[in-house]
Each structure stands twice: as C-alpha cells, then as structure tokens.
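Here are a few quick notes to go with the structure. Have it open while you read.

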Amino acid sequence: MVIEPKVRGFICTTAHPEGCAKSVLAQINTAKKYAGKITAAKRALVIGGSTGYGLASRIALAFGGGASTLNVMFERPASGVRTATAGWYNTAAFEREAAKSGLYAKSVNGDAFSQEIKNRVIEAIKRDLGTVDAVIYSLASPRRTLPDGTVANSVLKTVGENFTNKTIDLRTNEVGEVTVTPATPDEIDATIKVMGGEDWAAWISALNDAGVLEKGALTLAYSYIGPELTYPIYTNGSIGMAKRDLFYTAQAISKKYGITARISVNKALVTQSSAAIPVVPLYISLLYKVMKKAGTHEGCIEQMCRLFAEKLGKYDSEGYIRLDDLEMAPEIQKEVAKAWKAVNAQNLADYADIDGYWDDFYRMFGFKCDGVDYSADVEPNVAIQEA
Ligand code: NAD
C-alpha cells in the first residue's frame, strides 16, 4: 500500500516502514562513530526502547558499545488498512541491522507496568542473557494500569496557579496564548503514579529478586528541567512532581540494591511525548533555531552517545547527569529568552525553526526522509524479534 502521513494535532496516525528504517539507520551510523568509547553495558534492558530517547539509548549501547539489547515497548503491529506504529517499524529496522552485525536484539511488546510483562522479560533474560548489567527506564506514557486494575492518568498541568503563556497551535502553526490550569491533588498523585519512580523501582526489585540483575549494574531514567519560562508547566508542574519522585527513587534504588541508579537530565527535543506538552513545542522550535545557529544542536542519538561515552559518573551538585548542558548554556538561553519575548503570530518564521520542528516531527513517523519513494507501494506488515 502507499502510505501517507495522517497528522491529527500532535500525533501522526500512520507510519512508514522504509522511512523509519532510514532514520534508524542514520542513528546507527552516528552511534558507530562512538565505537570503542561506549563501555557502559554488555547486556542492556531498555524499557521504552522503540522511539525517542529509549531507542537512541538502545542504538548507542548496541552500535557504539556492542551490547546485547532487550527492549520493552507498547507498540501496534499493522493490521488491515492500518499501518504499524513508528516504534514497531523502528524496532524491526533496528533488529534487522543488529542481526547483520551479530548483535543480540529482541523485544517484548506489552504493558511495561504489568507484572506479566516483567515476568516475560525475566524469563527472556534467564533464557538468552543470564543477567543484565544496565537497565534504561525510558517510558513516557499518559496512563498506567495499577496492580488492582484501576487506571491512573497523568496530566500536564501546573501546581497551584493558572499559567498563561505563548504556545503554538500545531494544527495551524499559529502562535497564540494558552492558560494551563492547576492539577488537583488527585491528578498530581496520578501523574506521579504514571511518570514517577514506583514502576522503575518495581522493575529493579523484580529483576533483583529473580537473580537477573548483575551486581553493580547501572540503571538510568530520564528527566527534563529546562528554563524558567517553562517551569510552571514542566519542572514545577504535575510532570515535574513525578520527575522529583523519579529522582528520589534513584537514590532509594542505589541504596537498597547497591547499584548505580541515576537520572540523566536530557535536552528538550521533538518526540511523540514532548509534542503533547503545552508551551514546550514553541520553546523547542525557538531553541532549535538558536542552537542550530550556534552549531550545538543535538538530536536524541547525539545526546545518548554523549551520555554513554562521556557523561557517566559526572554529576551536578544534586547528583544529576546534565546532558542539557548545551541547551542551558547562558548564551543560548539569553537568545531563546529574547526570541520568546519577541515571537508572535506574524513573525514566527523569523524566530522559530518551525520547518526543523516539523521535519523532526514527520521523520519520527518515517516521513520526509531522503531516499524514500513515498509514491511506491510498501508492505506494511513487518515482523519483529519477539522474545
Ligand atoms: P517517547 O514517547 O518517544 O518514548 C516512549 C517509549 O515508551 C516508547 O518506546 C513506548 O513504546 C514506550 N511505552 C509507553 N508506554 C508504555 C507501556 N505502558 N509499556 C511499555 N512501553 C511503553 O518518549 P521520550 O520523549 O523519548 O521520553 C522518554 C523519557 O525521556 C521520558 O522519561 C521523558 O520524560 C524523558 N525526556 C524527554 C525529553 C524530550 O524533550 N522528549 C527531554 C528530557 C527527558
């Protein structure tokens, strides 16, 4: 079938297998440049390894460091006239390339929050790997089904007060204003349940109890801090409360299991998750313009290669790994703040790398990739290596 993008707001409901494969290949080629410099893991479990930062972590560890990788994801295969999700096609492409390079690469597709998937992963590790020496926790999810069957929904709201600021309407590319209302205490609790550390700790506990966690293993989860202008919606908002919980969980995990558990604070980038946050996509498009001009722009793969090759063991005063160092450089933030003040509906193109934003957005779903004939028939059914 001929596959075209179908964009609805901040999501694209189709994905292109060949385009996804191209962008995975490009990331693999970047990671290969780090060969010999990444020694963080021999056998890594990547939870949320099919898109965004998790996929880039998997690629960096495998192709920059020769690691065997087991991925947990929640993706949909193709069925009837529906394409698979981008994460499914990314995974198929990654695993094909891994096989060519003689690297172990398998996936478990299902709800990472569930005990059933944890058990399946543990069985796969016992059978295929023995133990894992790295666990990357890179889930981004709007909801979590709790052990008692109830569902917690995360919200992207403020804590305390309304927050009004500029935003971009991704359907029309128009700059306007948005008012984000405060989360209720129950909504904050639910957001912490979904995006906080409880499930990360449950994974580590399950792996440890099953005897499949290597002594002295490394485990990382990802966070974001950003500039003051996004504090009300991110760092001090409901998602920020969950990220704080993640940080305390890292400390608790390190203490309890004697392993290295840390939070890496990553750069703001276009991913399926960040597109959903009010205000942030406009900030990202301004940031892209400033960082590209300065020559310091990085995508997920450059960030993850730098993390594993250069940043492990280096912490700020609070104990975070700061991969957002280039984003937060004072000269970059000064320019972004100026642009934020000036940008409006009429001059968006002058200040924002809106084309760059949309290029990244389409490429996440395998569209607008060089060298792909989008008018050609393509097979949407693609197999992955299920563990
Ligand atoms: P993403 O949406 O690209 O990836 C999410 C991954 O989680 C996918 O592999 C998806 O399949 C998996 N997933 C979601 N729900 C699942 C479930 N129930 N069971 C199994 N797998 C599930 O997200 P991302 O932007 O790469 O975010 C990953 C982490 O990085 C998050 O903690 C996020 O807060 C953090 N982060 C993101 C940014 C950013 O700008 N995108 C910046 C800093 C930190």
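1. Start with the surroundings of Thr 235. Leaving out residues up to four places away in sequence, Thr 235 touches Tyr 224, Ile 225, Thr 230, Gly 240, Met 241 and Arg 244. Bear in mind that this is a predicted model.

2. As for where that residue sits, Thr 235 belongs to the loop that runs between strand S11 (213–223) and helix H7 (238–257). Its relative accessible area is 15%, and since buried means under 20%, Thr 235 counts as buried. One of its contacts is worth a look up close: a polar atom of the Thr 235 side chain lies 2.6 Å from the backbone oxygen of Ile 225.

3. Next, the second largest pocket. The volume comes out at about 630 Å³, and 25 residues line this pocket. Nearest its centre you'll find Ser 23, Gln 27, Cys 300, Asp 360 and Arg 363.

4. Which elements give two or more residues to that lining? They are H1, helix H2 (52–63), helix H9 (300–311) and helix H12 (354–364). H1 supplies the largest share, with five residues. By residue type, the lining of the second largest pocket splits into ten polar, nine nonpolar and six charged.

5. Staying with H1, which covers residues 17–32, Lys 32 is part of this helix.

Methods: Residues numbered from 1 in each chain as written. Predicted model: local features only at pLDDT ≥ 70, side-chain atom pairs only at ≥ 80, totals over all residues. Heavy atoms only, no water. Helix = DSSP H or I, 4+ residues; strand = E, 2+ residues; numbered from the N terminus. Buried < 20%, exposed > 50% of the residue type's maximum accessible area, 1.4 Å probe, protein only. Polar contact = N/O pair within 3.5 Å; in protein donor to acceptor, adjacent residues only side chain to side chain. Contact = heavy atoms within 4.5 Å. 1 Å grid on protein atoms, 1.4 Å probe; cavity = no way out; pocket = protein on both sides within 12 Å on 5 of 7 lines; lining within 4 Å. Points joined across faces, edges and corners; volume = space filled by probe spheres on them. Nonpolar A, V, L, I, M, F, W, Y, C, P; charged D, E, K, R; others polar.
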